[in-house]
Each structure stands twice: as structure tokens, then as C-alpha cells.
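Student: Could we go through the charged side chains in this one? I'd like to know what is behind each label.

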Amino acid sequence: MRINGTLINYYFHCKRQCYLHGNRMNLEDNSEQVKIGKALHEEKGEKDNAEIALDNIRLDKLTDEYLTEMKKSDADIEAAKWQLLFYLKILKDKGILRKGKLEFVEKGKSDKKVLYFELTEETERALQSYGQEIEDLLEQPVVPPVLKKSGCKKCAYYEYCYI
């Protein structure tokens, strides 16, 4: 499987989720949390008409200065950051240089949290290393163990892991 933004995000969020998704076990269609995230994207997309499909990735918004990735929550900033950096690298490889912007659009909050990132040589090397680690993870014969974190209850894979 080709590495994509979802796998990068899941790798940082939960190796088990990354493994399962990467090995084509998709339980997200049944997840209320995923449905909410998609609805927020669609609502934002209707206003901005901004989502762009490029190769095997979907970019939320691309302007002359920024690639913007929108998330419904800031629960896992590290995972979202690396997903955004991965997208910036894909764009750079195509000759498109942009800065990155993460926007967290949480329901019930009037002001949104915004973080900014830039692709550097160091982050490019790290992305290459993470890509190899993900490929190695996906080839493992055994599913990684359950993390048993409080956030697991909101995960699309919760029933698979705990029930």
C-alpha cells in the first residue's frame, strides 16, 4: 500500500490503527466520530470549495501561501502535524512550495485554534524514516497490541480492539 496522509496520522496516533487501516481493515464507515469529521469537512468545503485531490491524497485547502489541513479536534496535534508535513512534502516533490497551517474547528467553540508549520530538511528526513517504519509495520505478521488509552473509546476501531 502506498503511504498516504491517513496512514501517517494513524502511525502517530496509534500503531494498531495504522496497521489495521494499512492492511485494508476499514471500520471507519461505521464510526460516528468519522462521520462528524467528514460532515465538518463537507460543510467547510461547500463554503470555500477548496478540497483538492492529488495522487493518493486529499488536500483541504491550498492558497498561494498555505496548505491548510482542517481537523475537528486538537486531541492529537502531533499526528495532524506530521500528516500536514507529509502533504507539504508531496507538494514540494511536484514543485509547489507552501507553508502549512493546521486549523482545529471544534464544535461549540467560537474561535478556532491555528498552528503553523514549515517543511525543513530535518522534517523531510524524518518523513522518509517514518515512511519506512510504516512500511515495516504493515508487513508485520501480528497486529500491534491495544494501547488502552482514554481516547480509544472514540476510535472507529474500538469495537475491534475491545469487544
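Student: What makes the contact between the side chains of Arg125 and Glu121 a salt bridge?

Tutor: The term asks for a side-chain nitrogen of Lys or Arg within 4 Å of a carboxyl oxygen of Asp or Glu. Arg125 and Glu121 come in at 4.0 Å, N to O, so the pair counts under that cut-off. Before we go on: this is a predicted model, where local features need pLDDT of at least 70 and side-chain atom pairs count only at pLDDT 80 or more, while totals for chains, interfaces and linings use all residues. Residues are numbered from 1 along each chain as its sequence is written, and side-chain values use heavy atoms, with hydrogens and water left out.

Student: Why are Arg125 and Glu121 separated by about one helical turn?

Tutor: Because they sit 4 residues apart in helix α5. Helices here are DSSP runs of H or I with at least four residues, strands are runs of E with at least two, and both are numbered from the N terminus.

Student: Why does Arg125 count as exposed?

Tutor: Exposed means over 50% relative accessible area, buried means under 20%, and partly exposed is in between (1.4 Å probe, protein chains only). Arg125 has 53%, so it is exposed. Glu121, at 62%, is exposed too.

Student: How do you know that Lys94 and Asp55 form a salt bridge?

Tutor: Their closest N and O atoms are 2.9 Å apart, so the pair meets the cut-off. This pair links distant parts of the chain, 39 residues apart: Lys94 is in the loop between α4 (77-93) and β5 (99-104), Asp55 in the loop between β1 (52-54) and β2 (57-59). Asp55 has 54% and is therefore exposed, whereas Lys94 has 41% and is partly exposed.

Student: How many salt bridges does the structure hold?

Tutor: There are 9. Lys89, Lys92, Asp93 and Glu124 are linked in a network of them.

Student: Which class does Glu135 fall into by its relative accessibility?

Tutor: Glu135 has 35%, so it counts as partly exposed. You'll find Glu135 in helix α5 (residues 121-138).
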